[in-house]
Amino acid sequence: MTALQIIFLLAAAVILISAVMVTATRNMVHAALWLIATLFGVAVIFAVLEAGFLAVVQVVVYIGAIAIMFIFAVMLTRREMLDKGPQMNKRAWLAGILCVVIFASLIYMLSSWVGFNQIPLLVGNADTLTLLGQSLLLPSAYLLPFEVASVLLLAALVGAVYVASNRKQEEK
Amino acid sequence: MQDPIGNLYNWLMGWLVSWGVDQAISNILLSLVGIVILVTIAMVLDVFLVWIERKVVARFQDRLGPNRIGPWGIFQPFADIIKLLIKEDTTPNGADVFVFNLAPILSLASVLLLWAVLPIAEVVFGVDLNVALLYIVAAGAIGTLSVIMAGWSSNNKFALVGAYRMVANMISYEIPMVVILLIPAILTGSMSMLTISQSQEQYWFVLVVPLAALVFLISAIAELGRSPFDLNEGESEIVSGFHIEYSGMKFGLFYAGELLHAFTFGAFISILFFGGYNGPGVTQMPVLGVFYFFIKAMIGYWIIMWVKYTVPRIRIDHMLYFNWKFLVPFSISILVMTAVMHKSLSGYETPVYVGGMLAANLVLGWITIEILRAQARKQRKMDDPNSRVVAELTH
């Protein structure tokens, strides 16, 4: 049992338990907080796999923006924040069967992958950050998808501003 | 003397291995010891900061400050801590107990996380992350989370509104802060704080990008939630916002976390723009860097306190207007100008480079001031009831 395996097992346990608690808890803000614990566990796994940049970006984007947006959405749209709904609806048994089927098929598909039984090859002090930067900016790598993604973000931003301002003018 | 931490580590490692402890386990043990020592230094400094804060605010307000307990009142923070510890630890009715207790812990933890990447000297630092600048933003995100948790779990409307305002403040001012954090990364080519400090051995970055230092100071003060951006905790405004239900040592944790956060941002300003641990004589004796680092961090902290105790509070809509309509475009234009000028001047020797960048900064600052003056003139004409322009526009 190397230290890497122990850390991975701890992080995986945190992720799985938090993910189950997201669905099992009755309080919605608690569910959002358990989601934050899950996302933090994923950031730990990124760090273990030597993707330090992705680990930090995971915390900044997922926890610092998306989870906070979830919490605000819950707080601003519930009439009373302590309300607790029923835990499961009538078709819960069907959802359980579907979960087991999907889990079994994922394990079956992954077991035919080469890396299923191997410990990942970690290169030590690889300068992955420079590699990431170069792959985003070289025309032979991923420059075009990078620019297209930024145009997409610009379109989303302009659309959001237009929708918000349009509604304000209608209210006047 | 050249590398005290490294020598101490090797000596302790040899000691532990000779006792028969496994290499990997002794590595982990020594890392834990290092973490405990760093956190202890930060928290002892925090106690000292309470005294500094009270003395400085007193001097700004033309009075003496605490001077009864100990010479110059230096034992006053200990009296404060004892008072906070023996206060009753209340939990409001209907509060969410687990989240209520977790919020001050996360708030202080998010500040202590920042101390891992501060290069106190060239050989004294926690860890040399190559994504340290993003790590700082991530720790700030955890601080934002703790504010929401505090505001929501208090079961109190004032706390909730204060928390909403504070979070709107913090996430808005993260944008100019992140854009300005890109500027030392451009000038150095690396996001690591140690590399940024090392590359300021010849000239400080404040000589090359003074506008960026100014915008970073403003957005840092807003991120901290300190005056003049302290809508969440103004006693006259919102009855101290999300702090309201916290008593005793939990409030102490919030307060200590805020002071330590302010000092840490003073340290960031000094590392990013004022040379960090660099100073005369540091290349021969690297440990002297610790001394220079703390002096510069104290000066940065003093500037933050100076702003706090001089200017009045800013209203929430003015605060958000200032960020989105002025600071964000301004910081992006500083970034573009710095990138272009750095690339075009990078071939020349140092005096030409520094002079050219400084001139470009001054030109951009002058253009910005002229645009603001034109805007202010137009606004004044609109507000003036006797003006001919308004009469023309309304008929």
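In chain B, the axes of helix α2 (residues 23-60) and helix α10 (residues 249-273) come within 9 Å and cross at roughly 95°, the axes being lines fitted to C-alpha atoms over the stretch in contact. The two helices, α2(B) and α10(B), are therefore roughly perpendicular (65 to 115 degrees). B:Ala42, B:Asp46, B:Leu49, B:Val50 and B:Glu53 of α2(B) meet B:Ala256, B:Leu259, B:Leu260 and B:Phe263 of α10(B), a contact being C-beta atoms, placed from the backbone, within 7 Å. By class, seven of these residues are nonpolar, none polar and two charged.

This is a predicted model, in which local features need pLDDT of at least 70 and side-chain atom pairs count only at pLDDT 80 or more, whereas totals for chains, interfaces and linings use all residues. Residues are numbered from 1 along each chain, and chains are lettered from A in the order in which they are written.

B:Ala212 touches B:Ile180, B:Ile183, B:Ile334 and B:Thr338, residues up to four places away in sequence not being counted.

The contact between the chains takes 16 residues from chain A and 15 residues from chain B. On the side of chain A, α3(A) gives the most, with 11 residues. That side divides into 14 nonpolar, two polar and no charged residues. Of the 20 residues of α4(A), the number buried (20 or more other C-beta atoms within 10 Å) is zero, so this helix lies largely in the open.

Conventions:
Contact = placed C-beta atoms within 7 Å. Buried ≥ 20, exposed ≤ 12 C-beta atoms within 10 Å, placed from the backbone. Helix = DSSP H or I, 4+ residues; strand = E, 2+ residues; numbered from the N terminus. Axes fitted to C-alpha atoms, helices over the stretch in contact; angles between N-to-C directions. Parallel < 35°, antiparallel > 145°, perpendicular 65-115°, else oblique. Nonpolar A, V, L, I, M, F, W, Y, C, P; charged D, E, K, R; others polar.
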